Amino acid sequence: MIGPANIVHTTPAIMSKFPYAPGPNLNPAEDCRRTRRIVAEDPDWSLAVVPCLSNLCLRSILRNFEENPIFEELTPTQKDFIQERLSPSQPLRVTANLISDGVYWKRCCEQEWDLCDVSNYGHSWKRMFFERRMESIIELFIPDVTEPKTVLEMVPHCRNYVKRLDISQLLPSIKEPQKEKEEYGSEWASDTEYDGPSMDHFDFGILLDKLTSLEELHLVYRVKQCGMNFEWKMFEMTDRDCESLAKALKSCKTLKLLRLHQSHVEDRKCRLLVKYLLDHPSLRELDFSHNLIGDRGARAIGKLLTRSKLEILNMCDNDIREPGAKAIAHALSKNSTLLSLNLRLNRLRDEGGQAICKALLNNNTLCHLHLGGNEVTGPTAITFSKVLSNNNSLKSFNLSCNNLGDDGGRALEEAMSHNSSVTECDIRLTEVDEQIVSYINQVVWTNRSLQQKKQAEEKKTK
């Protein structure tokens, strides 16, 4: 600001340098005005460096954002100014439902995590921030140690943005069950009481029904980097966990994908989970791979196929044998929604494999089938060849790591010579003659080329 110290009065010696020199006809007041000049003490001072009033206002908003958050009233340019400069340490109660997706949430993510691939989150930085923050809270949650309010306080801020939770570990309780007896007189004696943990792992019952936008849930009951503290209980879901999770899943009406793998889920737990998933309004994909599910669990899965709208079912690496395969086959023959079935690494053998193949003769919707590593042989391949000759919906199949033999190979070769729908197949390590394998692969390649050409023509016509 320019004050008296900045004002230099001109003298007669320098009057000639100014165009407005006092004249004899001017009155004294006018003469005084004309003879005064303002000279800046700072030679670099310029009016251009004075910030405009709007910027001063925006900086004031930044300084007082927590106490008086102003954002919605601003123009798009002003919002960008705020997002680029607002501190990522602002409380979520202030920013969560006020600051829109953009630069601010990108800065928050990059400050908290080294690797930030926003393409995995629908190109939404805000979604990435809240999903990863919630995942971290759950993965570090210790029953009876961590307060449930740690999770619940986060819900109002993230419920509209969390679409997927990928939980890579669930910590067990550190509180061991105890039974104590009093050794005093009768007046102090008490019955034996259970004083164990209230839950064995995180209780999803307190959360899932509150996440109104949740569509995908990926779970693994394990402890990462346990080192020398390894115990089997760190890598399995208990009965109490299962019941709590099952009820929570039923309450989550928006869930489309459930993946529960590598968690020692056996028949009883599978049946309990399925019981609560029957008639689920939105579930489309179920992945119970790498568990211990046998025939009784497979029968429950068969029932689920008749009372759901599942499109993708992955039961890879379980213990399903002939009876379980027959139950799934029976449901498959009546199902009209399933598009992909993965039974890789089970124990179907020929009896179960043939049952699945026969079911496909009455199914016109399944597009992808994986029976790799199931100890099936020639008879299954011969039955499957009938499917290839009569079913035009199947797009891919995998029979790898089975001993199909020459008879099975010739049956597949003959069937594929009349097939125009299969665009992907895998019959490696099946003891089939290499020439037959080469011929089948050539047919598949031709089918794929024709399919791509057809799709290109359809795009041109649109």
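Me: How do helix 4 and helix 6 pack, at what angle and how far apart?
Reply: In this predicted model, helix 4 (residues 76-85) packs with helix 6 at an angle of about 10 degrees, and their axes are 7 Å apart.

Me: So is that roughly parallel or oblique?
Reply: Helix 4 counts as roughly parallel to helix 6, because angles under 35 degrees go in that class.

Me: Ok, which residues meet there?
Reply: From helix 4 you have Gln83, Glu84 and Arg85, and they meet Val103, Tyr104 and Arg107 of helix 6. Sorted by class, that contact has 2 nonpolar, 1 polar and 3 charged residues.

Me: What about helix 6 and helix 7, what's the angle there?
Reply: Helix 6 (residues 103-112) and helix 7 pack at about 40 degrees, with axes 8 Å apart. That angle makes helix 6 oblique to helix 7.

Me: Left-handed or right-handed crossing?
Reply: The crossing of helix 6 past helix 7 is left-handed.

Me: And who touches who in that one?
Reply: On the helix 6 side, it's Trp105, Lys106, Cys108, Cys109, Glu110 and Glu112. They meet Trp125, Lys126, Met128, Phe129, Phe130 and Arg133 of helix 7. The contact of helix 6 with helix 7 has 7 nonpolar and 5 charged residues, with no polar ones.

Me: Switching to helix 10 and helix 11. How do they pack?
Reply: Helix 10 (residues 239-251) and helix 11 (residues 267-277) pack at an angle of about 20 degrees, and their axes are 8 Å apart. The two are therefore roughly parallel to each other. Helix 10 passes helix 11 in a right-handed crossing.

Me: Which residues are in on it?
Reply: Helix 10 brings Asp239, Cys242, Glu243, Leu245, Ala246, Lys247, Leu249 and Lys250. Across from them in helix 11 are Arg268, Lys269, Leu272, Leu273, Tyr276 and Leu277. The residues of this contact of helix 10 with helix 11 split into 8 nonpolar and 6 charged, with no polar ones.

Me: How many of the lining residues are nonpolar, polar and charged?
Reply: For the largest pocket, the lining has 7 nonpolar, 7 polar and 4 charged residues.

Me: And how much space is in the second largest pocket?
Reply: About 190 Å³. Its lining includes Trp113, Leu115, Cys116, Asp117, Asn120 and Tyr121. Also in the lining are Met128, Arg132, Glu135, Ser136, Arg164 and Asp166.

Me: Which elements give two or more residues to the second largest pocket?
Reply: Helix 7 (125-139) and strand 3 (164-167) do. Helix 7 gives the largest share of that lining, 4 residues.

Technical notes: Residues numbered from 1 in each chain as written. Predicted model: local features only at pLDDT ≥ 70, side-chain atom pairs only at ≥ 80, totals over all residues. Heavy atoms only, no water. Nonpolar A, V, L, I, M, F, W, Y, C, P; charged D, E, K, R; others polar. 1 Å grid on protein atoms, 1.4 Å probe; cavity = no way out; pocket = protein on both sides within 12 Å on 5 of 7 lines; lining within 4 Å. Points joined across faces, edges and corners; volume = space filled by probe spheres on them. Axes fitted to C-alpha atoms, helices over the stretch in contact; angles between N-to-C directions. Parallel < 35°, antiparallel > 145°, perpendicular 65-115°, else oblique. Left-handed = near helix turned anticlockwise from the far one by under 90°. Contact = heavy atoms within 4.5 Å.
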